[in-house]
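Please examine the sequence and the model shown here. The paragraphs after them form a guided reading.

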Amino acid sequence: MSIDTGRVLLEFDNLCAHSQRTINDQSIKNSKEALKKPSMPSSIYQKWTSNLTGNASLDKEPSTHDRTLISGASGTLLSGQVTVLTGASGSGKSVLLRVLAGLLPMSSGTVRLSDGTSSNVYHDIHKTAPVLWRKQVALLAQHPQLLDGSVLENLQMPYQLHAHQSQIFDRDWNVAQLEHLDRSADFLQQDAKHLSGGERQLVNTLRLLQLSPQVLLLDEPTAALDIDTSTQLVNLLINWLHADAQRTLLWVTHDTKDIMPLANRHWYMQAGVLTADS
Ligand SMILES: Nc1ncnc2c1ncn2[C@@H]1O[C@H](COP(=O)(O)OP(=O)(O)OP(=O)(O)O)[C@@H](O)[C@H]1O
């Protein structure tokens, strides 16, 4: 791995995330408060109590949080760098990406994003409109959702959103990327609902890359791909990274053989605790 030389594009500190309080937790709490009311007739009180308690103890105050998903994670993502994040299934890798993307609330901690200039101005996730945050911190999800229509229509779709109205769809750029993936321009006319899982992932990837976010969070981007296409996509993503100095990749994967030789840093997640290789 090479030495860190990049600028900090995104930093997070002491970040914690918990599973959300469930309806049952809240209803038990409400019920407990209701049970305190002295006007409750005793027979109804007892019947209601036995129905409510079941396995849940009313003596115990339900916690506002079920379970710790991320515990005190801190890190920085540097320009021009690939940070690979590995860890066992269920250890919290996707949760971390979703919190950084502003798609899942954190229970404490901070996340800050560079304003994209060389000045040291950073925007706090809590003080930034979600649509503006997600424009710069984009998540490539594990299971892409495509719209009905052609590949071309799917690629054009983001430009109809308010956040990207000032950007212009570049068909030639997309055709050039498809060539790197061994696909001709005809691919643009294919019906999205007939695409394979791997092809859906390719379309989803191009749909995000063309919007040029500063921070790209990749959740197992090659999981649905054959070996050759996987290698092509890795190369395409690395070329995209290096095409602009103000970009960084955080790459979650179980299959490290393609990307690890190209990684600048390696993070590891275990039961919600994030550690970094020195
Ligand atoms: N919104 C949520 N609310 C409650 N629990 C959640 C939520 N999202 C994920 N979890 C739980 O958090 C834990 C970590 O999930 P996560 O998807 O981050 O795992 P992962 O490390 O990405 O696993 P994999 O490698 O299998 O994709 C899991 O136990 C999951 O059930």
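The text below moves from the overall fold to the sheet pairings, the helices, the core and the ligand shell.

The model is predicted: local features need pLDDT of at least 70, side-chain atom pairs count only at pLDDT 80 or more, and totals for chains, interfaces and linings use all residues. Residues are numbered from 1 along each chain as its sequence is written.

The protein contains eight helices and 10 strands; helices (H or I, at least four residues) and strands (E, at least two) are DSSP runs, numbered from the N terminus. Of its 278 residues, 30% are buried. A residue is called buried if 20 or more other C-beta atoms lie within 10 Å of its own, exposed if 12 or fewer do, and partly exposed in between, with C-beta atoms placed from the backbone. Among contacts between residues at least 6 apart in sequence, 82% join residues at least 24 apart; two residues are in contact if their C-beta atoms, placed from the backbone, lie within 7 Å.

Strand pairing requires that DSSP find at least two bridges between the strands. Strand β1 (residues 8-18) runs antiparallel to strand β2 (residues 68-78), to which seven bridges join it, and within this pairing Glu-11 has Thr-76 as its bridge partner. β1 also pairs with strand β4 (residues 108-114) in the antiparallel sense, over five bridges; there, Phe-12 stands opposite Val-111. β4 in turn pairs with strand β5 (residues 122-124), again antiparallel, over three bridges, with Ser-114 opposite Tyr-122.

Helix α3 (residues 93-100) is largely enclosed by the rest of the structure, because eight of its eight residues are buried. Just after α3, Gly-102 adopts a positive phi of about 80°.

Among the buried residues of α7 are Glu-199, Leu-202, Thr-205, Arg-207 and Leu-209. The buried residues of this helix pack against β6 (137-140), α5 (151-156), α6 (171-180), β7 (215-219) and α8 (227-242).

The largest nonpolar core has 52 residues, and those with the most contacts inside it are Leu-96, Leu-100, Leu-217 and Trp-251. Such a core is a set of buried Ala, Val, Leu, Ile, Met, Phe, Trp, Tyr and Cys residues joined through C-beta atoms within 7 Å. Beyond residues up to four places away in sequence, Leu-217 touches Leu-97, Leu-100, Ala-101, Val-137, Ala-138, Leu-139, Leu-140 and Leu-250. Leu-250 lies in strand β8 (residues 248-252) and counts as buried because it has 25 C-beta neighbours inside 10 Å. Leaving aside neighbours within four places, the contacts of Leu-250 include Leu-77, Leu-85, Leu-97 and Leu-218.

Which element gives the most to the shell around the ligand? α3 does, with three residues. The ligand is surrounded by residues including Ser-19, Gln-20, Leu-69, Gly-87, Lys-93, Ser-94, Val-95 and Leu-104, where a residue counts as near if its C-beta atom, placed from the backbone, lies within 6 Å. The shell divides into three nonpolar residues, eight polar and one charged; Ala, Val, Leu, Ile, Met, Phe, Trp, Tyr, Cys and Pro count as nonpolar, Asp, Glu, Lys and Arg as charged, and the others, Gly among them, as polar.
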